Amino acid sequence: MSLVLQDSVVFITGGGSGLGAATARRLAADGALIAVNDLDPIAAQKIADEVGGIALPFDVTDSDAFDAAVDQCVASLGRLDVMVNNAGIAPQDVSNKMDLTIANQMKRFEGRIADMDPMNYLVDLTNDAWDRMLRVHLYGAFYGCRAALRHMQPQRSGRIINISSILGQQPSAAAPHYSVAKAGMITLTKSVAAEVAHLGINVNAVCPGYIETPLLTPFSEMVKAGIVTRIAKGYMGEPNDIAEMIRFLSGPESSYCTGDVFTVSGGYNG
Ligand SMILES: NC(=O)c1ccc[n+]([C@@H]2O[C@H](COP(=O)([O-])OP(=O)(O)OC[C@H]3O[C@@H](n4cnc5c(N)ncnc54)[C@H](O)[C@@H]3O)[C@@H](O)[C@H]2O)c1
């Protein structure tokens, strides 16, 4: 009996850790051949070895490197069926603003709105931090969609899955650059989906809530505890919760889904 993704070729960016690594394992278990990208070549190789795939390390902000790696994937594995634009970086840790946050919340409860202090999330944001955030997530997804379509259009089939975030839907005041980048990925998804639906190519976005991965390592326990109070389920998700959604969007069960946005957040309400 053949597996549901037997011989499908999947390219995953940022596949050396967290959600990308879980996705590589999940799709390989259903028969897919996996090309694992990561900025970290050792991490990419480790997951590629684990799933019997190939490692293609590069920085997703380098469009020439992206094109070359996708070409190499097709040359090595024969085709490209699924592109998962997943590589990402965390917003800055805001633990140093916890005291200010709590003080402002107290003032809000007391109705002393005019006494609340500026948080300076945006004012403290550097040009470099803004640029890098948009380059990794939004430019990376653009390069990934473009490189994938060059192969998927002639074959008249394919799936592109852009890993956005709940913060792309419910922007965080503490992370305007991350929220904007992730919202941009949702709009990119809808725009590209409308262009290529008639070619048999589906393009969707997944918006994870807070999932326990190394991305959250810089966050203090106090910040994480604050986040959990806003999750209806009462705990953060695990990488497989997202990998299962990506598996659904990679397979035949989701053939009518395109330009759609799939939130997996445990009921997060920011
Ligand atoms: N973990 C969460 O709570 C959460 C929530 C919402 C969205 N996301 C998104 O999910 C995606 C995966 O995050 P994760 O939680 O698995 O994080 P992670 O840190 O565990 O993995 C991200 C991987 O991306 C790689 N990477 C970073 N920059 C890169 C670049 N320029 N080129 C190639 N690879 C690069 C890293 O080396 C790392 O291996 C990200 O886009 C993230 O924004 C995560």
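**Helices, burial and backbone angles**

Visitor: Leaving aside neighbours within four places in sequence, what is Val136 in contact with?
Guide: Val136 is in contact with Val60, Thr61, Ala87, Gly88 and Ile89. Contact means that two C-beta atoms, placed from the backbone, lie within 7 Å. This is a predicted model, where local features need pLDDT of at least 70, side-chain atom pairs need 80 or more, and totals for chains, interfaces and linings use all residues. Residues are numbered from 1 along each chain as its sequence is written.

Visitor: Why does Val136 count as buried?
Guide: Val136 has 21 C-beta neighbours inside 10 Å. Buried takes 20 or more other C-beta atoms within 10 Å, exposed 12 or fewer, and partly exposed falls in between. So Val136 counts as buried. Val136 is found in helix 5. Helices are DSSP runs of H or I with at least four residues, strands are E runs of at least two, and both are numbered from the N terminus.

Visitor: What makes helix 5 roughly parallel to helix 6?
Guide: Helix 5 (residues 127-155) and helix 6 (residues 176-196) pack at about 15°, with axes 8 Å apart. Axes are lines fitted to C-alpha atoms over the stretch in contact, and angles run from 0 to 180 degrees between N-to-C directions. Under 35 degrees is roughly parallel, over 145 roughly antiparallel, 65 to 115 roughly perpendicular, and the rest oblique. The angle therefore makes helix 5 roughly parallel to helix 6. Their contact includes Trp130 and Phe142 of helix 5, and Tyr178 and Met185 of helix 6.

Visitor: How do you know that the span of helix 4 agrees with its twelve residues?
Guide: The expected span is 1.5 Å times one less than the number of residues. That gives 16 Å for helix 4 (residues 98-109), and its end C-alpha atoms are 16 Å apart, so the two agree.

Visitor: What makes helix 4 hardly covered?
Guide: Its count of buried residues is zero among twelve. Just after helix 4, Gly111 takes a positive phi of about 80°.

Visitor: Why is Asn120 called exposed, and Asp7 partly exposed?
Guide: Asn120 has 10 other C-beta atoms within 10 Å, so it is exposed. Asp7 has 13, so Asp7 is partly exposed. Asn120 lies in the loop between helix 4 and helix 5. Asp7 lies in the segment before strand 1 (9-12).
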